[in-house]
Structure formats: C-alpha cells, structure tokens
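Hello,

Here is the structure we spoke about. Please open it and keep it beside this email while you read.

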Amino acid sequence: MVNVLGPRDEFLRILECELEADLHVRGNEVTLRGTPDQVVFAQEVLTELITILRTGQGLTAETVERVVTMSEAHEQVAPAEVLTQNILSNRGKTIRPKTLNQKRYVDAIDQHTVVFGIGPAGTGKTYLAMAKAVQALQAKQVNRIILTRPAIEAGEKLGFLPGTLNDKIDPYLRPLYDALHDMVDPESVPKLLTAGTIEVAPLAYMRGRSLNDAFIILDEAQNTSMEQMKMFLTRLGFGSKMVVTGDVTQVDLPGGQLSGLRAVQHILDGVADITFCQLTNHDVVRHKLVGRIVAAYDRYETAQPHEDERGQRHDRFRR
C-alpha cells in the first residue's frame, strides 16, 4: 500500500486531485465513492498502478499522472503495457516509452524500414530513436549506427567557427552526443567512434554513400531542403533501417525555403514499408511546463494569419 500511495501519500494526493471519485484509505483497503462511472474509472487507474508495481517497476508522480491521462483517453492499449515496455537498460537506467504515441513510434521502428517521427520539442523523437539504434547494435541486427543532422543555425549566424572540421561541426551534433552518452558507457564511446561503429556526421557528408547494415538517424529533418531529403533517403542500403525526426513548426531554413520534411509527408504517403508517426504536445516528456508552452504556441499560431514557405499569405479564419 505504501508503494501505491507513495512516500508521504504523494501519489494519493495526485489521485485525489485527478479523480472525481472520493478515495478513503484504511489499512490495506481503498474505498471508492462516487457515481458508477467515476468509481469504475478510479478502479481502472488503481488496477493499472498495481499492475506496474507487480512488474517490479517503481512508481513516480509522473507515472501516476500519465496513467490517469492515458486511462482518460480510453485507448485499447492499457497504460501499464505502455509504461512497462523496456527498450534499453544502461547503468541502472531503463529507457521506456512514456506515452501511447511514443509506444506506437517505437513499435513502428520495429515493423518498418523507414520511419518518420514528427512532433514538437521534448516528445522523445530523437532519444527513443537513439535507444532503438543502440538496442539494434547490441542485438547485432546492424553493424553500425550513423547519426546525422543538417548544419543549420537556429536563427543565429554563428559565423566562421575556429578549429578543425570536427570542431566546426561539433556544436550542431552535440545533442546527438548527449543522447548517446546516456545509453552507452562513456568510456566506450570514443572507441566506438574511432572504430566507425558509431558515426556522427553532418548531412552534407551523406552524398554518394550507400549505407548497408546500418541504423541511420536523421535529426532536425525540418531543416533539410527537398533535395537533401531525397538524397538522404536514397542512401538506404541492404539490411539497414532509417529513422527521420523533426518538428515542422521549427524550420530554420533561410529565405522561406520549402522544408523537405513537410514535403516528404505528401510525396511518400502510402508507400509500403514507410510510416509517419505524429507526436503532439501531450507526448512531451520534459518538464510539464514545456508541454504547456508548446500547446500555447499551437493555439497562437492557429489563430494567426500565416505565410507558407513560398511567401504566400493565408488567413486561417477565411471562409
């Protein structure tokens, strides 16, 4: 019961706030009071929490909140099934999907050769793709991991950076290194990079290559041109898998250039063995304020007249 209610009844307070049914705890019994629908829903939430505990996985305040949110959605997949799916474990830390859309994204990577993960910041697009890549490498499903992203500044001109070529491209690729260090022992990362087992490179270096037996991740794909996107996708070789991630609301391409990620959704729609996974602000797994920020921007942009990449003005309220 202590595990269900949390330290100092932390989880109980969350449940009392989130559930409409009244909860009364006495000893090892929880009594629910309310309308039949309220009681049934509260019972479902408590059952899911107990199921998670029985797998040996502890509960956190975030987990309790996510169980309530997923239960409210009345999806066919049980919250416990989503939150107990292990992808990768390293140094006592286990990486799991935290929302239903994240589970669908992870499952799609298993089932398809080319997967597009499209969604706002903080939804785990790159992080989960990286976890699946490391998992595939450890299982010897691939021989190497290739991580790439376009070298585009986010609204700032960085000028001519000093140092060697690696020093110049390192700032663009730093987020990929950060995720990699979470999943692979830090002392082994330099060895894997030196051996070419893991390769981190700017997108411009992909031209002319054929990538066989590799797990390839293209990050920040919203900053690719149509030509770059086509070039990248046609690098696919035998025994390889590709994951393309990006946020179409954060395009940093200069001069109103058309984003390759936006265009590819229409070009490849319906092509076999290629799938598009959409994540939303409800899938944000950073600080909960990030989800609210993304939702606020979505509401603002929906209410504003806007210009497309070709500079044509549109009014969303025009009938």
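**What I found**

Start with Ala108. Leaving aside residues up to four places away in sequence, Ala108 touches Val115, Thr275 and Cys277. Keep in mind that this is a predicted model.

Where does Ala108 sit? Its place is in helix α6, residues 100-111. Is Ala108 buried or exposed? The cut-off for buried is under 20% relative accessible area. Ala108 has 4%, so it counts as buried. Now look at Val243. Ala108 and Val243 are 135 residues apart in sequence. In space, their C-alpha atoms are 10.0 Å apart.

Next, go to helix α2, residues 10-18. Which of its residues are buried? They are Phe11, Leu12, Ile14 and Leu15. These residues cover an arc of only 160 degrees around the axis, so they lie on the same side of α2. What do they pack against? The partners are α1 (2-5), β1 (22-26), α3 (36-54) and α4 (61-73).

Strand β2 covers residues 29-33. How do β1 and β2 run? They are antiparallel, and five bridges join them. Asp22 stands opposite Arg33 in β2. The two strands form a hairpin, with two residues between them. Find Gly27 in the turn: its phi is positive, at about 65 degrees.

Best wishes

Definitions and conventions: Residues numbered from 1 in each chain as written. Predicted model: local features only at pLDDT ≥ 70, side-chain atom pairs only at ≥ 80, totals over all residues. Heavy atoms only, no water. Buried < 20%, exposed > 50% of the residue type's maximum accessible area, 1.4 Å probe, protein only. Helix = DSSP H or I, 4+ residues; strand = E, 2+ residues; numbered from the N terminus. Arc of directions from axis to C-beta. Contact = heavy atoms within 4.5 Å. Pairing = 2+ DSSP bridges.
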